[in-house]
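Welcome, and please open your viewer. We will go from stop to stop, selecting one part at a time.

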Amino acid sequence: MPTLINVVDVRPRVYYRTIQIGPILFEQAPAEDDIVQIPGEGWSLTSSDNDFYPLVRLEVWDGPAPQPSDSWEYERTFRSLMADRLAVVDLNGVCYGEIALQSGHYHLRLLCRGRHHVEAALALDPFPPEGPHEDPLEVWVVQLWPIAD
């Protein structure tokens, strides 16, 4: 059974509905969709709102990660070469957290839920929020595990 090696939870501030995660060194950029754009060496994730702090969880596994038991509105898998770290960064370049990796090829699973929440402007007090709300309005999970040679 696969083992969770490391996990990091971060609460980045969302500007212009964007969360950036990288570096992810795609040898060939995957197709983009309404949620994931590939502007360079990483993901640009489209959040459902502005000026709030979703939860972004980064998980590193030693084998195929089990599917989380919660229901998810979005799920997508990727394969990529990874550097020695993966970071969550806002549009201003502020790093909110990162997780260490061993360089190599990985499977990546991206999951999201909560995209249909009440707008942050209506759900949070004060607005814009000064920091993360106790209960995140939106949750993202990135699961990584090495590709067996």
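**Before you start.** This is a predicted model, in which local features need pLDDT of at least 70, side-chain atom pairs count only at pLDDT 80 or more, and totals for chains, interfaces and linings use all residues. Residues are numbered from 1 along each chain as its sequence is written, and side-chain values use heavy atoms, with hydrogens and water left out.

**Stop 1: colour by confidence.** The chain has a mean pLDDT of 87, and 87% of its residues reach 70 or more; pLDDT is the predictor's confidence in each residue, from 0 to 100. Confidence is highest in β5, at 97, and lowest in helix α1 (residues 120-123), at a mean of 52. Helices (H or I, at least four residues) and strands (E, at least two) are DSSP runs, numbered from the N terminus. Where pLDDT is low, the predicted coordinates should not be read in detail.

**Stop 2: select residues 104-113.** This is strand β8, and 7 of its 10 residues are buried, so the strand is largely enclosed by the rest of the structure. Buried means under 20% relative accessible area, exposed over 50%, and partly exposed in between (1.4 Å probe, protein chains only). Strand β6 (residues 74-89) runs antiparallel to β8, joined by 9 bridges, and here Phe78 stands opposite Leu108. Strand β9 (residues 139-146) also pairs with β8 in the antiparallel sense, over 8 bridges; look for Cys112 opposite Trp140.

**Stop 3: show the nonpolar core.** Which residues touch the most other members of the largest nonpolar core? Of its 31 residues, they are Ile21, Val36, Trp43, Leu86, Leu110 and Leu144. The largest share of this core, 5 residues, comes from β6. Such a core is a set of buried Ala, Val, Leu, Ile, Met, Phe, Trp, Tyr and Cys residues joined through side-chain atoms within 4.5 Å.

**Stop 4: select Gly22 and Pro23.** A cis peptide bond joins these two, with omega about 0 degrees. Pro23 is found in strand β2.

**Stop 5: step back to Tyr16 and Arg17.** Phi is positive at Tyr16, near 50 degrees, and at Arg17, near 55 degrees. Tyr16 counts as exposed at 70% relative accessibility, while Arg17 is partly exposed at 35%.

How values were computed:
Pairing = 2+ DSSP bridges.
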